[in-house]
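Student: I'm looking at this one for the first time. Could you walk me through it with a few questions and answers?

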Amino acid sequence: MQKYLQNTFAKQLNKASFAQFGHSGHANKKPPVRVAITGAAGQIGYSLIFRIASGEMLGPNQPVILHLIDLPFAMAALNGVVMEIQDCAFPLVKGIVATDNQAVGFKNVDYALLVGAKPRGPGMERGDLLKDNGKIFTETGKHINEHASRDIKVVVVGNPCNTNCLILANQIKDIPKENFTAMTRLDHNRAQHQLADKLGVHTTDIRKIAIFGNHSPTMVPYIDQMTAKNHKATVDQQWVSQTFIPTVQQRGAEIIKARKLSSAASAGNAAMNHITTWVNGTSESDFTSMAIPSDGSYGVPKGLIFSFPVSVKNGKYSIVQGLPISPFYQGLLDKTIKELVDERNAVDHLLK
Amino acid sequence: MEVQQTLTVCVTGAAGQIAYSFIPLLLSGQVFGQVKINLRLLDIPKMETALKGVVMEIEDCAYPLIGDIQTGSNPKELFKNCDLIVFLGGFPRLPGMERKDLLQKNANIFKEQGEALQEVGKDDVKCVVVANPANTNCLILSRYATKIPRQNFTCLTRLDQNRAYAQVALALNKPLNSLKNIIIWGNHSTTQYPSIEHATADGQSFVLPDQGQFIERIQKRGAEVLNARGNSSVFSAANAVKDHIKDWFNGREDTLLSLGVLSNGEYGVQSGLCFSYPIRCLGAFKYEIVGNLELSDFSKQKLKVTEEELIQEQGLAESI
């Protein structure tokens, strides 16, 4: 019965899913771009899809065709999401593809936000997490390589995002490797707020900070070059070690404790920010954080998906070089490098 | 870029699902443009911890337009100095509950909040009531906040309007921006009347293949989404709140819009009821009810049905 319902919904969905709201009218003269979201029926998807559809990610003049991808058992819920998108009467949404078929889901896609991953269940070891996600991201990598736009920009959000991105990118032969990134923007935004709070300024007045490393408790919030309102700013080292770093590391858990649900809205927000900055660029007075394939900078082994400070221009990012790394930071960098190398070793069999 | 203006906006039911989706939209700049928003987040004492989590996430979004944030459970504290209050919070319908109970429980809440508005609210504060039964809650609110101009009280029928636009676009296979003047009349309930009588597509009036089916689908869309999602229409509701406020604030020249407002007797509707009408939004939170549209007998009959329901609701709510 379950399978019958799944198939029925999938059929209904695929029938309705290619419904177009008509080609562009007199407004929105740009051709639409295709934006894919995996885990589209989930909580982060729910926060993300609607904000993208309303024009926040790529601007009010950029029409979009949404590609919503999830697992077969989620197709009924995804159908509900599609209905709600219709009920928003978004002028920028020129079509919706809702599917559990990744070949269809990634066809000609220009931007992909890969939220879907095997979530961490109670008692699950990180090793188990890597094994399950290994399968998911290998398959997704193959489909992206075969079907997506050759210029696709990808951000992996589903955890463990750095290593999931590594697995994914390993399947890519025909698209530049630098197009495959993972998200540390949430940690970056969280760090920005904590510092703003400490210094008594607005969050957006904190600039030139960055996250190095893995999106995990070993991530390194680097604040050596921090500015507040464009003036160099410092905070005392004790506060950094004893309050700031632990707070940013544990923020996710703190939010779960308070809300009884995970931080979907802020995670979705960060995923959107990651793409928007990648497209629009960073300002002269700032840089951002993206987990990208390492080119060996800062002693990070080549090929690891590692978060660096980057400046972005014309849709391309480049690592901010030459930032001073004190012994304190070097110690933290070593830890996060080791963790990522260990993760890579754990999925070595998938990287052949 | 230095952001000059500031608005203070209160959201009730701030720890709830619609608020969770609405707050990012409010802070995105889509509603008021480059205006800083001071947030006042109100919910019941039981939700205090959850509300802290909501605030943490707002902080973690690093919104350029966020001002200061206050939270609490006392409307007499949080309604002070507000320019706009979005009433998302209400008593939810529990299994086995009669409509009468729902009405009376919510009437109590909106009486209390109306009294708070009367005592501490800014004289010109704008109100959007979303919590159901939205129209009657809005009516109660206005009854207890008599110092505030009648036209400042609105309730949400924009979700129904957006749904209607979407269904018409699909039926006619036309883009959304070719459609104008689809109006939701009456109560935000299953008696609402979604009307295409004065609507146009590419400037021409049109008919639908099955008007009865269209009307019924809009009336029951909430249930349709509930069945599919296993949860109510959260984001589309939040989006409609955003649209309602945005157009009310900025004005819309190209089309009439549906807002629930306090009737002065337009179209023979009992004065004082909160009724969704065709509205011309003039900008700066000013609007006028378009009161002179020709209505077919079919339409007049539909209006009577929904008005009747609102009169009944008012009776039940006022028996508190």
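**Rings, domains and chains**

Tutor: Over all chains, the count is 23 aromatic pairs, where rings of Phe, Tyr and Trp (its six-membered ring) pair if their centres lie within 6.5 Å, and planes under 30 degrees apart count as stacked, over 60 as edge-to-face and the rest as tilted. Before we go on: this is a predicted model, where local features need pLDDT of at least 70, side-chain atom pairs count only at pLDDT 80 or more, and totals for chains, interfaces and linings use all residues. Residues are numbered from 1 along each chain as its sequence is written, chains are lettered from A and ligands numbered from 1 in the order in which they are written, and side-chain values use heavy atoms, with hydrogens and water left out.

Student: What kind of aromatic pair do Trp185(B) and Tyr267(B) form?

Tutor: Their ring centres are 4.9 Å apart. The planes stand at 90° to each other, so by the cut-offs above the pair is edge-to-face.

Student: How many residues apart in sequence are the parts that this pair ties together?

Tutor: Trp185(B) lies in strand β8 (residues 183-185) of chain B, strands being DSSP runs of E, at least two residues long. Tyr267(B) is in the loop between β11 (257-262) and β12 (274-283) of chain B, so the pair ties together parts whose separation in sequence is 82 residues.

Student: Which salt bridge involves Arg143(B)?

Tutor: A salt bridge needs a side-chain nitrogen of Lys or Arg within 4 Å of a carboxyl oxygen of Asp or Glu. Domain 1 (5-155) and domain 2 (158-319) of chain B come from an automatic or database domain assignment, and the count between them is one salt bridge. With its closest N and O atoms 2.1 Å apart, Arg143(B) has as its partner Glu318(B).

Student: How much area do the two domains of chain B bury between them?

Tutor: Buried area is the accessible area (1.4 Å probe) that two parts lose on being put together, summed over both. Carbon and sulfur atoms hold 67% of it here, and the total for domain 1 and domain 2 of chain B is about 3,000 Å².

Conventions
Helix = DSSP H or I, 4+ residues; strand = E, 2+ residues; numbered from the N terminus.
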